[in-house]
Amino acid sequence: MVNGYAPKTLAEALELRSKYDLVPYAGGTDLMVENRPNVSYLFLGKLEELKGISEDAEFVRIGAAVTYTEALSSPMVPQLMKEAISRIAAPAIRNAGTFGGNLGNGSAKADSVLIEFVTGAKLRLLSAKGERVVDVEKFYLGRKKLDLAADEIIAEILLPKAGIDDYYYKKVGGRNALAISRVSFAGILSVENGTITRFSAGFGAVADTVLRYRELEAMLIGKTVEQAKAAKADVLKAYSEKLVLTRGRVSAEYRKTVCMNLLGDFLTEKGI
């Protein structure tokens, strides 16, 4: 049996979080496979304040307790995110699993988190003392290590709207869905008037956090397509030197080869 609290309002949840040592959760799909004795939980899955999907001029705002199924049915959620979350586990898990839970689990294998890295998403964190907004890349400090204070909860994911339509996404696993990724990759490349205005590439499930190297992305941004083609070999070489992968169920060498193949295929598909 899960021990803990089920607050009726967000204000009540924040008050409880400030007073007690509680582990927040919403869908609880990971609790099914965990054995954590002497832990008390804070159930957030029914809080209406965390269940909304909305948009403003800059962001699609996804509540932390929004499930994958709910997001898949929303016209506001970008197609890139939908493609990734549509491959998460089985329908029963997508019906329960949430965006906040995928983040709070602290895993580099989290399907929605890869998209948040590649798009440059921000996270809205709340406590009884107030709120703060952090870049998702700064939120992840290492394997299972997050920039989340003991009194904070993840309230909302702010997913940028502009410039993410021209994307590439691949998930490599034992099966197309149901399986945890061995390697996942997402890329965005935007060209305006023959010049590359955006290039981002993220690698999931290969290290302690999602890997994204902005300094390498800068090698192509601002170049014409023809200049980018000429620089492609140098870009791939730079990524090959930069990618340092952790050991997994399959070798780091194999996964690095897959990463490089996906990156090369992404660039080729986008005309580079």
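Tyr-25 is partly exposed, with a relative accessible area of 22% (buried means under 20%, exposed over 50% and partly exposed in between, with a 1.4 Å probe and protein chains only). The model is predicted, so local features need pLDDT of at least 70 and side-chain atom pairs count only at pLDDT 80 or more, while totals for chains, interfaces and linings use all residues. Residues are numbered from 1 along each chain as its sequence is written, and side-chain values use heavy atoms, with hydrogens and water left out.

**Whole chain**

- The chain holds 10 helices and 13 strands; helices (H or I, at least four residues) and strands (E, at least two) are DSSP runs numbered from the N terminus.
- About 60 × 45 × 30 Å is the span of the C-alpha trace along its principal axes.
- Of the 272 residues, 49% count as buried.
- Among contacts (heavy atoms within 4.5 Å) between residues at least 6 apart in sequence, 59% join residues at least 24 apart.

**Aromatic pairs**

- The whole structure contains 13 aromatic pairs; rings of Phe, Tyr and Trp (its six-membered ring) pair if their centres lie within 6.5 Å, with planes under 30 degrees apart counted as stacked, over 60 as edge-to-face and the rest as tilted.
- Tyr-25 and Phe-43 form a tilted pair, at 5.1 Å centre to centre and 45 degrees between the planes.
- Tyr-25 lies in strand S2 (residues 23-25) and Phe-43 in strand S3 (residues 40-43), so this pair ties together parts that are 18 residues apart in sequence.
- One aromatic cluster is formed by Tyr-168, Phe-185, Phe-199, Phe-203, Tyr-213, Tyr-239 and Phe-266.

**Helix H9**

- H9 (residues 225-242) has 18 residues and reaches 24 Å from its first C-alpha to its last, close to the 26 Å expected at 1.5 Å a residue (1.5 Å times one less than the number of residues).
- At Ala-231, H9 bends by about 50 degrees, the bend being the angle between axes fitted to the seven residues ending there and the seven starting there.
- The buried residues in H9 are Ala-228, Ala-231, Lys-232, Val-235, Ala-238 and Tyr-239.
- Their cover includes strand S13 (195-204), helix H8 (214-217) and helix H10 (252-269).

**Leu-243**

- Leu-243 sits in the loop between H9 and H10 and is buried, with a relative accessible area of 3%.
- Leaving aside neighbours within four places in sequence, Leu-243 is in contact with Phe-203, Leu-211, Tyr-213, Lys-256, Cys-259 and Met-260.
- The C-alpha atoms of Leu-243 and Cys-259 are separated by 8.8 Å, and these residues are 16 apart along the chain.
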